[in-house]
Amino acid sequence: MSEKSKIDVLDDGPMIVSGLDLLEDWDGKELPIKGKTALCRCGASENKPFCDGSHREAGFKSVLADPIESSVSAKKGEAVIRSLEDGPYEVCGDIELCVGDDSGLSANDPYYLCRCGASENKPFCDGSHKQIGFSDK
């Protein structure tokens with residue numbers, strides 16, 4: 001894609017992804033992507049990995065500080081996000097990550113973003129999905 005790939009993490013809401021080349025679900029199935037796609041971070045969506053607005057009803061909280069831009073550019077090529085089975089999003093390629101607090105951000109490729117809603121290090125995965133029994137099904 002010619003557009004720079006980017007992930008905007010919204011306070012108390014989803015991740016808005018743009019310029020993505022590929023989005024895969026946990027079993028490797030390619031999912032449709034639009035110019036901008038909202039991905040669930042709360043774990044309550046009935047349409048995982050897509051956001052269906054369930055974060056409002058679930059009371060999902062993940063307030064971020066004033067936005068700053070951080071760039072993770074680990075490799076050239078496709079910008080890919082994969083939903084790992086019963087786990088986090090795996091982010092690969094040249095995708096800019098915009099969050100309020102970039103603590104814990106590394107330039108390692110891939111990196112992992114929470115989609116169960118339980119991480120204490122949002123938007124990053126801390127393994128909480130295992131403790132809460134998060135499931136794609």
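No aromatic pairs were found in a search of the whole structure, where rings of Phe, Tyr and Trp (its six-membered ring) pair if their centres lie within 6.5 Å, with planes under 30 degrees apart counted as stacked, over 60 as edge-to-face and the rest as tilted. The structure is a predicted model, in which local features need pLDDT of at least 70, side-chain atom pairs count only at pLDDT 80 or more, and totals for chains, interfaces and linings use all residues. Residues are numbered from 1 along each chain as its sequence is written, and side-chain values use heavy atoms, with hydrogens and water left out.

The protein contains two helices and nine strands, taken as DSSP runs numbered from the N terminus (helices H or I, at least four residues; strands E, at least two). Along the sequence the elements follow the order β-β-β-β-α-β-β-β-β-β-α. Of the 137 residues, 47% are buried (under 20% relative accessible area, with exposed over 50% and partly exposed in between; 1.4 Å probe, protein chains only). Among contacts with a separation of 6 or more, 53% are between residues 24 or more positions apart, a contact being heavy atoms within 4.5 Å.

The number of disulfides is zero, a disulfide being a pair of cysteine sulfur atoms within 2.5 Å. Cys92 is buried, at 9% relative accessible area, and Cys98 is likewise buried, at 9%.

Ile33 lies in the loop between β3 (22–24) and β4 (36–39) and is partly exposed, with a relative accessible area of 29%. Beyond residues up to four places away in sequence, Ile33 contacts Leu20, Asp21, Leu22 and Leu23. The C-alpha atoms of Ile33 and Val17 are 9.1 Å apart, at a sequence separation of 16 residues.

One cavity of 30 Å³ or more is present. A cavity is a set of points on a 1 Å grid over the protein atoms alone where a 1.4 Å probe fits but cannot get out, and lining residues have an atom within 4 Å of a point. Grid points are joined across faces, edges and corners, and a volume is the space filled by probe spheres set on the points. The largest cavity holds about 40 Å³; its lining includes Cys114, Arg115, Cys116, Cys125, His129 and Phe134.

Conventions
1 Å grid on protein atoms, 1.4 Å probe; cavity = no way out; pocket = protein on both sides within 12 Å on 5 of 7 lines; lining within 4 Å.
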